[in-house]
Amino acid sequence: MESGIKWYVVRAISGQEKKVKSYLENEITRQGLGDFVPQILIPSEKVYEMRNGKKRVREKTFFPGYILISADLSNGEVTHLITSMPGVLGFLGNANGPTKIPVPLRQSEVNRILGKVDEITQEVAAPTVSFLKGESVKVVDGPFSGFIGTVEEVFDERKKLNVVVKIFGRNTPVELSYAQVEKEN
């Protein structure tokens, strides 16, 4: 087997990715194998959602049940350590009879996944709420906070709205982001 650090995909029980990552990191540190496994990653994004009128942030994984591991598998202990962790189902690879041989990800796939993670950490995630023209909304952030307005235009791709707000008895058009408004009940 060729030596060198490559990215591999490890299958884990869905919903237990964070727990498995934590177990792996602790065990790798304990056994002093940090040089062979420099990075463990669960590709995820922050998603804002409205619940009971409150904005909540939650982590949403791109690939539920999968963990990316940057590792040098030339050391047999590393492979055994990873596959023997509770919650790990094994490596994603070619099925050759009963044994699974770990197949590294192509660099293009790694770049695409890591690029998507970087892109999402840079941009501010918007709520997954959609708005309709004519709908009544309450402004919850910015200089017009507390005002009630009517949606005139919706720009889903930019996550923005044109809202008409009544200020001093006059209708005033304002462009707001989805995060600055909430639906009026």
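Author: UniProt lists residues 130–157 under "domain: KOW", in an unreviewed entry. Such positions follow the numbering used here, feature names are shortened, and annotations may be inferred rather than shown by experiment. This is a predicted model, in which local features need pLDDT of at least 70 and side-chain atom pairs count only at pLDDT 80 or more, while totals for chains, interfaces and linings use all residues. Residues are numbered from 1 along each chain as its sequence is written, and side-chain values use heavy atoms, with hydrogens and water left out.

Reader: What makes up the span 130–157, in helix and strand?

Author: The span is 0% helix and 43% strand, and its end C-alpha atoms lie 11 Å apart. Helices (H or I, at least four residues) and strands (E, at least two) are DSSP runs, numbered from the N terminus.

Reader: How do you know that β11 and β12 pair?

Author: Two strands pair if DSSP finds at least two bridges between them. Strand β11 (residues 160–167) and β12 have 8 bridges, in the antiparallel sense, so they meet the definition. Leucine 161 stands opposite leucine 176 in β12.

Reader: Why are β12 and β13 said to stand at the edges?

Author: The open sheet of 5 strands runs in the order β12-β11-β10-β9-β13, with antiparallel pairing. β12 (170–177) and β13 (181–183) each have a single partner strand, so one side of each is left without a neighbour in the sheet.

Reader: What makes phenylalanine 168 count as exposed, and lysine 159 as partly exposed?

Author: Buried means under 20% relative accessible area, exposed over 50%, and partly exposed in between (1.4 Å probe, protein chains only). Phenylalanine 168 has 85% relative accessibility, so it counts as exposed. Lysine 159 has 36%, so it is partly exposed. Phenylalanine 168 is in the loop between β11 and β12, with a positive phi of about 50 degrees although it is not a glycine. Lysine 159 is in the loop between β10 (148–155) and β11, and its phi is also positive, about 60 degrees.

Reader: Which residues touch the most other members of the largest nonpolar core, and what makes a set of residues a core?

Author: A nonpolar core is a set of buried Ala, Val, Leu, Ile, Met, Phe, Trp, Tyr and Cys residues joined through side-chain atoms within 4.5 Å. The largest has 20 residues, of which Leu24, Ile69 and Ile82 touch the most other members. Apart from it lies another core, of 13 residues, including Leu161 and Val163.
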